[in-house]
Amino acid sequence: MDRVKVLVLGDSGVGKSSLVHLLCQNQVLGNPSWTVGCSVDVRVHDYKEGTPEEKTYYIEFWDVGGSVGSASSVKSTRAVFYNSVNGIILVHDLTNKKSSQNLYRWSLEALNRDLVPTGVLVTNGDYDREQFADNQIPLLVIGTKLDQIHETKRHEVLTRTAFLAEDFNAEEINLDCTNPRYLAAGSSNAVKLSRFFDKVIEKRYFLRDGNQIPGFPDRKRFGGGTLKSLHYD
C-alpha cells in the first residue's frame with residue numbers, strides 16, 4: 001500500500017506521543033513517556049473518501065524527540081529523520097507560550113536541514129514570512145491541553161495562538177489528547193485532519209509541477225489504524 005511520511009514536531013512535554021497514539025489507535029495513551037530519537041506509528045486513511053477517486057494509504061507519523069535547545073550535534077542527528085517528508089504537524093502546548101513560539105524554530109529546522117537557526121525567530125509577535133515563502137510541504141498546527149485552560153481564559157489563549165496557523169498557512173486544531181471526542185467522526189477537527197491527509201497525499205502522488213494545492217471537500221468519517229508502532233532510539 002502506498003504511504004506518506006508526516007513529521008510530528010514540537011517541544012518535549014507538549015503531548016506529541018499522546019496525540020500520535022490517539023490518531024493511530026483512536027484511544028488515549030495510558031502512560032506517555034519521553035521520546036528518545038524518533039518513534040514511528042501508522043494509521044490508515046481513505047483518500048478522497050466517498051468519491052470515485054477513493055484510495056487507501058498508510059500515513060506514517062514520525063514523532064521526533066523534542067529538545068529545542070539541544071546542541072548542534074544532536075540537531076544533526078535529528079536531521080536524519082527529516083528526509084523525504086511529505087507533511088508536518090506542528091504541536092504546541094496551549095498552556096505554554098514558549099512552546100508556541102518554538103514552532104518557528106522547529107519548522108525552520110525541518111524545512112532547512114542544512115541551516116542551523118541562530119538567534120530568535122520570533123520576537124514580540126514579529127515573524128518573517130519570507131523564511132517559509134517557498135515551502136511546498138503541507139503543514140498542520142495542533143494545540144494540546146485545551147482541558148487545562150479555564151473556560152474564562154480560553155478565548156484569550158486561543159486568540160493569542162491563532163496567528164500560528166496564519167503564519168504557517170495551515171489549519172489549526174485545538175484539543176485534549178486524553179479525550180477522543182475531540183476527534184470524533186464528523187467533527188470539525190476530524191474534517192480538518194482528513195483535509196490535511198488528503199493534501200499530503202495529493203502533493204506526494206498527484207502534483208508533479210509544484211502548483212498550488214486545490215481545495216478539498218469536507219470529509220465525514222474519522223478512521224484510525226491499529227498497526228503497531230516502531231521505535232528508533
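Contact here means heavy atoms within 4.5 Å. The legends below describe close-up views of a predicted model.

**View 1. Surroundings of Ile89 in the largest nonpolar core.** Ile89 touches Val6, Leu7, Val8, Leu9, Leu19, Leu23, Phe61, Leu140, Ile142 and Phe196, leaving aside residues up to four places away in sequence. The largest nonpolar core comprises 32 residues, and those with the most contacts inside it are Leu19, Phe61, Ile89 and Leu175. Two or more residues each come from strand E1 (3–9), helix H1 (16–25), E3, strand E4 (87–93), strand E5 (139–144) and H6. The greatest contribution is that of H6, with six residues. Another core lies apart from this one; it has 21 residues, among them Val40, Val85, Tyr104 and Ala170.

**View 2. Phe196 in helix H6.** Phe196 counts as buried because its relative accessible area, 4%, falls under the 20% limit. Not counting residues up to four places away in sequence, Phe196 touches Val6, Gly87, Ile88, Ile89, Pro138, Leu139 and Leu140.

**View 3. Phe197 in helix H6 (residues 188–205).** Phe197 is buried, at 1% relative accessibility. Its contacts, without residues up to four places away in sequence, are Arg43, His45, Ile59 and Phe61. Phe197 and Tyr47 are 150 residues apart in sequence, yet their C-alpha atoms are 7.6 Å apart in space.

**View 4. The aromatic cluster of Tyr47, Tyr57, Tyr205 and Phe206.** The structure holds seven aromatic pairs. One of them, formed by Tyr47 and Phe206, is stacked, with 5.2 Å centre to centre and 15° between the planes. Tyr47 belongs to strand E2 (residues 38–47) and Phe206 to the loop between H6 and strand E7 (230–232), so this pair ties together parts that are 159 residues apart in sequence. Tyr47 is buried, with a relative accessible area of 1%, whereas Phe206 is partly exposed, at 42%. Tyr57 and Tyr205 form a tilted pair, with 5.3 Å centre to centre and 40° between the planes. This pair also links distant parts of the chain, since Tyr57 lies in strand E3 (residues 55–64) and Tyr205 in helix H6, 148 residues apart. Tyr57 is buried at 1% relative accessibility, and Tyr205 is buried with a relative accessible area of 17%.

**View 5. Charged side chains over aromatic rings.** The charged end of Lys5 sits over the ring of Trp62, at 4.0 Å from the ring centre. Arg181 lies over the face of Tyr182, and here the distance to the ring centre is 4.6 Å.

**View 6. Helix H4 (residues 103–111).** Helix H4 is mostly covered, with seven of its nine residues buried. These buried residues are Leu103, Tyr104, Trp106, Ser107, Leu108, Glu109 and Ala110. Tyr104 is also among the members of the 21-residue core that lies apart from the largest one.

Methods. Residues numbered from 1 in each chain as written. Predicted model: local features only at pLDDT ≥ 70, side-chain atom pairs only at ≥ 80, totals over all residues. Heavy atoms only, no water. Buried < 20%, exposed > 50% of the residue type's maximum accessible area, 1.4 Å probe, protein only. Helix = DSSP H or I, 4+ residues; strand = E, 2+ residues; numbered from the N terminus. Phe/Tyr/Trp six-rings, centres within 6.5 Å; stacked < 30°, edge-to-face > 60°. Lys NZ or Arg CZ within 6 Å of the ring centre and 35° of its normal. Core = buried A, V, L, I, M, F, W, Y, C linked by side-chain atoms within 4.5 Å.
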